[in-house]
Amino acid sequence: MKFSQFLSILRARWMILAGVLAVLVSIALTAGFALPKKYTATGSVLIDSRSPDPINGTMAVTTGNYLSTQMDIIRSERVGLKVVRALRMTENGDLRARWRESTNGEGIFENWIVALLADGLEVKPTRDSNVINVSYTGADPAFASTLANAFINNYIETSLELRVEPARQFGTMFQTQLKQAREKLDESQRKLSAYQQDKGIVATDERLDVETARLGELSAQVVGLQAQTADAESRRARAGINSPDSMGNGVIMALKGDLARQEARLQEASSRLGEGHPQITELRAGIAELKARIQAESGNVGLSSNVGLQISQQREAQARAALEAQRSKVLKLKAIRDEAQLMVKDVESAQRAFDSIQARISQTSLEGQSNQTNVSILKVATPPTGHSSPRPLLYTLQAIFVGLFLGIGLVLMIELKHRRIRGDQDLADLVNADLIGHMPSAKPKASRALPIQFAPKLPSTAMLRLPATGK
């Protein structure tokens, strides 16, 4: 359908469109002036996200979900019940009579009032900000502003309660944990004190250092005695006239000197005297006596070496025993120190747990006593000077807008049901042929178009009777 055809249809059936518009506008004006007047009071709150929490230092999270949660809290039954109790609405006899009439006295009266108040409450955020507008619509402007402010104030109070209630609950839980931590700390401290008294520990590390140094000294002594024993064994193995001990002995060296002189005299005398000469015999006897004395002295030196070896072995055995005893003592001290250190760590761990819980209790106590929230009243609702509804002008404009669509739709529906030829294009579409000319126009005897039966496509040989329209 072309626009010219659409306009011709509207011109032909304008009365239908005008009638629809007139009916809707009349209804809108009647509603605008007949409906009772309602007043809307609006207040606003600001969710502050710039300042950190004064207690724990965290920043408030103001995402879209957070703002939606805050709006749900404002609309919640908890806030509504606070409003009802703050305004003492349960004492209103008219409301109680309406409740009994509508519910036959069933249910809870306060919850029924909350549901009734929710019909006039509107909560919505402003665009791209942390401001939430709280509006209430009622028949009385002062009552509307009172309810809007009551919802705002009780929302702030509820928001504070929701913040401090977990801190108070956690505070009770932490008190129990603090008592257990204190008992554990006292028990650990008692065990450590009893162990120190039982073991005589005053300064475990200093005592262990002294005993460890003594252990080192004994170990060095054992090593020295081992060297002496090895040397004594070596001397005893080489015991004899030519042994180092014998060579270093003064008596043996003197006897050897006498022996060498006697042997020299014997050799000299043998060259002059015969073997049987008394002098030779005397010299030989002297030499034999010297050798016997040297052998005796060497034996004495060997005995002294054996005695020295025995003394060295005995001293070494004593030093080893002392070393083992000292080693056992040091190991025992180390075990005592390790056990004491474990007990000290238990005490320190219990102390840290106690301090941590105590600090958390202090924080939760401050949070539980807090009376500040991140919600601030930005605008207090005041009684409106003008009513918000009904609005005759707005209703009229809406009626005109809706009436145009309904009227045009009704006109087109009627036209499709009762088709008329209103122009050249309608005729060309009807016979499925091209238009080749126009007859001179003449004054029609009747201004009303005659109805025809519309056929989408007619045979080329069909006869068509046209209404007397002058074309």
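Student: Which residues form one aromatic cluster?

Tutor: In this predicted model, the cluster consists of Trp-99, Phe-109 and Trp-112. A search of the whole structure returns 5 aromatic pairs. One of them joins Trp-99 to Phe-109, with 5.2 Å centre to centre and 40 degrees between the planes, a tilted arrangement.

Student: Which parts does the pair of Trp-99 and Phe-109 tie together?

Tutor: Trp-99 belongs to helix α5 (residues 93-103) and Phe-109 to helix α6 (residues 109-118), so the pair links parts that are 10 residues apart in sequence.

Student: Is Trp-99 buried or exposed?

Tutor: Buried means under 20% relative accessible area. Trp-99 therefore counts as buried at 8% relative accessibility, and Phe-109 is likewise buried, at 7%.

Student: Why is the pair of Tyr-136 and Phe-151 stacked?

Tutor: Planes under 30 degrees apart count as stacked. The ring planes of Tyr-136 and Phe-151 stand at 20 degrees, with the centres 6.4 Å apart, so this pair is stacked. Tyr-136 lies in strand β3 (residues 131-138) and Phe-151 in helix α7 (residues 141-199), so the pair ties together parts that are 15 residues apart in sequence. Both Tyr-136 and Phe-151 are buried.

Student: Where does Gln-326 lie, and which residues does Gln-326 touch?

Tutor: Gln-326 is part of helix α11 (residues 278-368). Leaving aside residues up to four places away in sequence, Gln-326 touches Glu-211, Arg-214, Leu-215 and Leu-218.

Student: What is the relative accessible area of Gln-326?

Tutor: The value for Gln-326 is 4%, so this residue is buried.

Notes. Residues are numbered from 1 along each chain as its sequence is written. This is a predicted model: local features need pLDDT of at least 70, side-chain atom pairs count only at pLDDT 80 or more; totals for chains, interfaces and linings use all residues. Side-chain values use heavy atoms; hydrogens and water are left out. Helices (H or I, at least four residues) and strands (E, at least two) are DSSP runs, numbered from the N terminus. Buried means under 20% relative accessible area, exposed over 50%, partly exposed in between (1.4 Å probe, protein chains only). Contact means heavy atoms within 4.5 Å. Rings of Phe, Tyr and Trp (its six-membered ring) pair if their centres lie within 6.5 Å; planes under 30 degrees apart count as stacked, over 60 as edge-to-face and the rest as tilted.
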